[in-house]
Amino acid sequence: MARGEGTEQYSATLLSIKPINTEIKTAPRTHQRSRLCVLSKLCYAIGGAPYQITGSALGFFLQIYLLEVAQLDPFYASIILFVGRAWDGVTDPTVGFLVSRSRWTSVGRMMPWILVSTPFAVLTYLMIWYVPPFEEGKVIWYLIFYCLFQTMQTCFHVPYSALTMFISNEQKERDSATAYRMMVEVLGSVLGTAIQGQIVGGAQVCPTESDAPDSRNMSQINISRVSLDETKQAYLIASGVICIIYVFCAAVLFLGVKEKKDTGRKKTEPLGFCQGLRVVMSHGPYVKLVTGFLFTSLAFMLLEGNFALFITHALGHRNDYQNILLVIMVSGTLTIPWWQWFLTRYGKKTAVFVGTSWAVPFMILIISVESHLIISYLVSVAAGVSVAAAFLLPWSMLPDVVDDFKVKNPDIHGHEALFYSFYVFFLKFASGISLGISTLSLKFAGYMTGECSQPETVSTTLKVLVSPVPVVLIAVGLLIIWTYPIDEEKRQGNRKLLQEMLDSEADSESETSALGSNV
């Protein structure tokens, strides 16, 4: 990485050393900046798709699956959803800690985690969407496989997130790769929503009015029974397709991305878990960023987790809910390039305020006007714009916090995975709280498992969960992010300081290596 001023100064020094000038003059050329080709960026980006594909399928459909297909009581469903996510309170920081202490192997330090976890993640994900042929242990079944999947997914995603810092030493290249990743991840969310929604949407648990018999006799029960069996099979088929895509993306990531060994940095003793936690959580900008996005993420998680039930029971669009969800994700995908331009033009912090608050009027509108299918689609298109910002901005800002930490703590290296693991944990923690509380709220509202028609109190509860509560959470989150200290000027200053540090280390290593070889 010896270029720019560092290279010029080093070359001037070499010219003054006459006896060995010819032999060591080319030493700096071995330290070229690690620029990434488009293919490498695409392969890296594709590796992020499994997390978003499975995440969107679970986020949009797991709650309605547990309630209407597995036919669990809302209380037990809330326990599964909350405990499964709360389990990440152990797995995310723990995996981040273990990754930070992992040894370098022939395929890197992060890649072994990704390779080993993939087959187990695929198997446990498939079991989540299988309805076991018994009733007594059904809750335990879903709880075990949901927690196991979360663990395997953590072993994949935490190293993958930290890999951002090891694909290149240049922040510009990392930012570019992150933009590719965000685009592919949003496409992954669209794909997960499309696969799960379109396959499952063809099989309805509740018959439509045209299918329902005029008299309430055994034929009504037979229609519901056949429909339920078809829906179970549809969920299993959708999960199988997603598992195939998961394996394919992991293979592309492994074959197309080369992890860079950080040889230029001085080695430090690995921190203990408590030490690492203290170091990460004592960095002010990181705490403010994570706390702010915890509230805004909780708002969008509430909207995501309850929107399928809201469309089905509050708006009455049972046959269109999967299409409305798909419209949200497609709209988000198409606006990602615009948000990338916006944050480049006006700054990341400004983009957070504009992008997150954009959804608020439409959250209010969807519960204020009389239910109409066209209005629902229009609101979904507009809401997708904020979804795009919610995907892009947090992951775009996290490397800035890590870089700020490196500038302020130049003697601490190799702990990037801890920052990413705790951030991922907070996101999943927000999701667990939102799904657990909202599902439990449906229990208190009188939700009736297995019934196609729900009481009015259920409709009212769903309206509260997708509008007033998220709006308040967004307001709190934006107030916290307002205090976030890394603006564009600070970010550019950190970038320059880091590059100077890298150039200085590379020059020092090159000079030592060259002089040593000539001695």
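This report walks through a few helices and residues of a predicted model.

## Ground rules

The model is predicted, with local features needing pLDDT of at least 70 and side-chain atom pairs counting only at pLDDT 80 or more, while totals for chains, interfaces and linings use all residues. Numbering starts from 1 along each chain as its sequence is written, and side-chain values use heavy atoms, leaving out hydrogens and water.

## Helix H12

Let's start with H12, which covers residues 284–314. Helices here are DSSP runs (H or I, at least four residues), numbered from the N terminus. With 31 residues at 1.5 Å a residue, H12 should span 45 Å, and its end C-alpha atoms sit 42 Å apart, which agrees. That expected span is 1.5 Å times one less than the number of residues.

H12 does have a kink of about 50°, centred on Asn306; the bend is the angle between axes fitted to the seven residues ending at a residue and the seven starting there. Most of H12 is covered, with 24 of its 31 residues buried (under 20% relative accessible area, using a 1.4 Å probe and protein chains only). One of the residues in H12 is Ser297, and Ser297 counts as buried because its relative accessibility is 12%. Ser297 lies 137 residues from Ser434 in sequence, yet their C-alpha atoms are 9.7 Å apart. Just after H12 comes Gly316, with a positive phi of about 80°.

Ile53 belongs to helix H4 (residues 49–68) and is buried, at 2% relative accessible area. Its C-alpha is 6.4 Å from that of Leu191, 138 residues away along the chain. Setting aside neighbours within four places in sequence, Ile53 is in contact (heavy atoms within 4.5 Å) with Gly188, Leu191, Gly192, Ile242 and Ile245.

Asp404, in helix H16 (residues 373–408), is buried too, at 0% relative accessibility. Its side chain makes a polar contact with the side chain of His283 at 3.0 Å. For that label, a pair of N or O atoms must be within 3.5 Å; within protein, one must be able to donate a hydrogen and the other to accept it, and residues adjacent in sequence count only if both atoms are side-chain atoms. Beyond four places in sequence, Asp404 touches His283, Pro285, Ile486, Lys490 and Asn494.

## H13 against H14

Helix H13 (residues 321–346) packs on helix H14 (residues 348–357) at about 130°, with axes 7 Å apart. Axes are lines fitted to C-alpha atoms over the stretch in contact, and angles run from 0 to 180 degrees between N-to-C directions. That makes H13 oblique to H14, since angles under 35 degrees count as roughly parallel, over 145 as roughly antiparallel, 65 to 115 as roughly perpendicular and the rest as oblique. H13 contributes Trp339, Phe342, Leu343 and Tyr346 to the contact, and H14 brings Lys348, Thr350, Ala351, Val354 and Gly355.

Terms used
Helices (H or I, at least four residues) and strands (E, at least two) are DSSP runs, numbered from the N terminus. Buried means under 20% relative accessible area, exposed over 50%, partly exposed in between (1.4 Å probe, protein chains only).
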